[in-house]
Amino acid sequence: MTESSKHELDAPLWLRTESTLISAARGIRRAYDLRLSELGLNLSEAILLAFLQEATQNSEPLTQVDLARHMRVGRAAMGSLVDSLEGRDWVERKANP
């Protein structure tokens, strides 16, 4: 049996489990993104807005670094999310003193 003709069930259990979990996570993400698209949002934007709503009621404004750390994304990715929401007037960015 050649490498290309192996069946996926011949893969180790850990690899099949990992592949199944990743596939399920992608499907869930797509379902949320589809549903949120009616509001003009994706899942990451919706999570950020929800977190900001909760956080700003309880504390000082947060930096993009704080937000990136909380959401476990890079600073550049967070900058893109904030840019997207700011461009629609859903968040306001201020200089950090």
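The lining of the largest pocket divides into 10 nonpolar, five polar and three charged residues, where Ala, Val, Leu, Ile, Met, Phe, Trp, Tyr, Cys and Pro count as nonpolar, Asp, Glu, Lys and Arg as charged, and the others, Gly among them, as polar. The model is predicted, so that local features need pLDDT of at least 70 and side-chain atom pairs count only at pLDDT 80 or more, while totals for chains, interfaces and linings use all residues. Residues are numbered from 1 along each chain as its sequence is written, and side-chain values use heavy atoms, with hydrogens and water left out.

**Largest pocket**

- The largest pocket has a volume of about 590 Å³, a volume being the space filled by probe spheres set on grid points that are joined across faces, edges and corners.
- A pocket is an open set of points on a 1 Å grid over the protein atoms alone, where a 1.4 Å probe fits, with protein on both sides within 12 Å along at least five of seven lines, and lining residues have an atom within 4 Å of a point.
- Of the 18 lining residues, Pro 61, Leu 62, Glu 92, Arg 93 and Lys 94 lie nearest the centre of the pocket.
- Helix 2 gives the most to this lining, with four residues.

**Helix 4**

- Helices are DSSP runs (H or I, at least four residues), numbered from the N terminus.
- Met 78, Gly 79, Leu 81, Val 82 and Leu 85 of helix 4 are buried, that is, under 20% relative accessible area with a 1.4 Å probe and protein chains only, whereas exposed means over 50%.
- The face turned away from this buried side carries the exposed residues Ala 76 and Gly 87.
- Just after helix 4, Asp 89 takes a positive phi of about 60°.

Technical notes:
Helices (H or I, at least four residues) and strands (E, at least two) are DSSP runs, numbered from the N terminus.
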